[in-house]
Amino acid sequence: MENIRNIYCVGRNYALHAKELGNDVPKEPMIFAKPTHALQPATGKITVPGTIGSVDYEAELVVRIGAGYKPGMTVSDIVDGITLGLDLTARDVQTGLKERRHPWLLAKGFLGSAVLAPFQPYPGEAALAGLTFNLIKNDTVVQTGSPLDMIFSIQQLIDFIGPRMGLGAGDILFTGTPAGVGQIADGDTLEMKLTVDGREETFGPMYVDMA
């Protein structure tokens with residue numbers, strides 16, 4: 001995690017998730033960022049501020065950038081790793097910020113809000129498109145996602161972010177969360193599962209500590 005530079009995130013990149021929160025489906029990618037201080041590993045105890053109000057889990061596919069962006073680059077040219085992560089969201093804080101038309105940073109960038117599993121090598125275009133992932137909360141599957149269900153593909157996200165904000169080696173991109181988002185509570189157990197080319201990898205268990 002010490003080599004991660006920028007943390008880019010995509011909001012509302014699954015239509016059903018946008019609808020479950022009562023939001024319009026976006027016409028272009030909604031990009032926000034988290035500070036690197038938000039990072040914590042997806043294993044053992046994950047610490048979440050207990051004084052920030054309700055906190056929601058949002059499981060996401062995360063890709064790692066391995067080269068500096070140049071126009072025309074494909075996903076295979078620029079991505080060198082994939083993993084899963086949790087974009088933890090202080091929902092009460094976010095609601096208040098939206099009402100005041102303020103940026104989301106306080107709701108999305110608090111300490112520990114970017115939970116990240118270890119990266120594995122980029123598996124190739126076909127395997128990336130066909131992978132699936134799940135979030136299991138207290139032994140129940142609560143989220144299931146796939147790049148095939150994204151509103152904006154990873155290629156479209158790279159084409160959008162690269163010329164506007166830049167992409168370089170060490171940057172990571174949380175690509176959006178599928179439907180099924182919900183609140184976490186102290187003592188909850190979370191696991192993330194990634195299936196690529198029929199091979200399944202589990203990250204966790206993680207135990208929520210609302211410190």
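Helix α3 (residues 91–99) has four buried residues to look for: R91, Q94, G96 and L97. Here, buried means under 20% relative accessible area, exposed means over 50%, and partly exposed lies in between (1.4 Å probe, protein chains only). Helices (H or I, at least four residues) and strands (E, at least two) are DSSP runs, numbered from the N terminus. The buried residues of α3 pack against β5 (55–57), β8 (89–90) and α4 (105–108). Just after the helix, R101 takes a positive phi of about 60°.

A word on the model itself: it is predicted, so local features need pLDDT of at least 70 and side-chain atom pairs count only at pLDDT 80 or more, while totals for chains, interfaces and linings use all residues. Residues are numbered from 1 along each chain as its sequence is written, and side-chain values use heavy atoms, leaving out hydrogens and water.

**The cores**

Which residues have the most contacts inside the largest nonpolar core? They are L61, L86, L88 and M192, in a core of 51 residues. A nonpolar core is a set of buried Ala, Val, Leu, Ile, Met, Phe, Trp, Tyr and Cys residues joined through side-chain atoms within 4.5 Å. Helix α6 (residues 154–165) gives the largest share of this core, with 5 residues. Another core of 12 residues lies apart from it, with I4, V62, L116 and F174 among its members. In soluble globular proteins, nonpolar side chains tend to be buried together.

Not counting residues up to four places away in sequence, L86 touches partners including E58, V115, L135, F174, L190 and M206; contact means heavy atoms within 4.5 Å.

**Strands and sheets**

Strand β6 (residues 59–65) is mostly covered, with 6 of its 7 residues buried. Two strands pair if DSSP finds at least two bridges between them. β6 pairs with β7 (residues 79–87) in the antiparallel sense over 7 bridges, and 3 bridges join β6 to β13 (residues 172–174), also antiparallel. The table lists some bridge partners you can find in the model.

| Residue | Partner | Partner strand |
|---|---|---|
| L61 | L84 | β7 |
| V62 | F174 | β13 |
| D56 | T89 | β8 |

Elsewhere, 3 strands form an open antiparallel sheet in the order β8-β5-β14. β8 and β14 (182–183) stand at the edges with a single partner strand each, so one side of each is left without a neighbour in the sheet. The pairing of β5 and β8 spans 2 bridges.

An open sheet of 5 strands has the order β4-β16-β15-β11-β12, with mixed pairing. Its edge strands, β4 (44–48) and β12 (140–145), each pair on one side only. Strand β11 (residues 132–137) pairs with β12 in the antiparallel sense over 5 bridges.

**Rings and a loop residue**

How many aromatic pairs does the structure hold? There is 1. F32 and W104 form this tilted pair, 5.7 Å centre to centre with 55° between the planes. Rings of Phe, Tyr and Trp (its six-membered ring) pair if their centres lie within 6.5 Å; planes under 30 degrees apart count as stacked, over 60 as edge-to-face and the rest as tilted. F32 lies in strand β2 (residues 30–34) and W104 in the loop between α3 and α4, so the pair ties together parts that are 72 residues apart in sequence. Both F32 and W104 are buried.

L167 sits in the loop between α6 and β13. Is L167 buried or exposed? At 9% relative accessibility, L167 counts as buried. Leaving aside neighbours within four places in sequence, its contacts include Y8, I65, Y69, I78 and I161.

**Backbone details**

Most residues other than glycine have a negative phi, and most peptide bonds are trans. N138, although not a glycine, has a positive phi of about 50°, and D139 has a positive phi near 70°. N138 counts as partly exposed at 36% relative accessibility, whereas D139 is exposed, with a relative accessible area of 75%. Finally, a cis peptide bond joins G204 and P205, with omega about 5°; P205 is found in strand β16 (residues 199–210).
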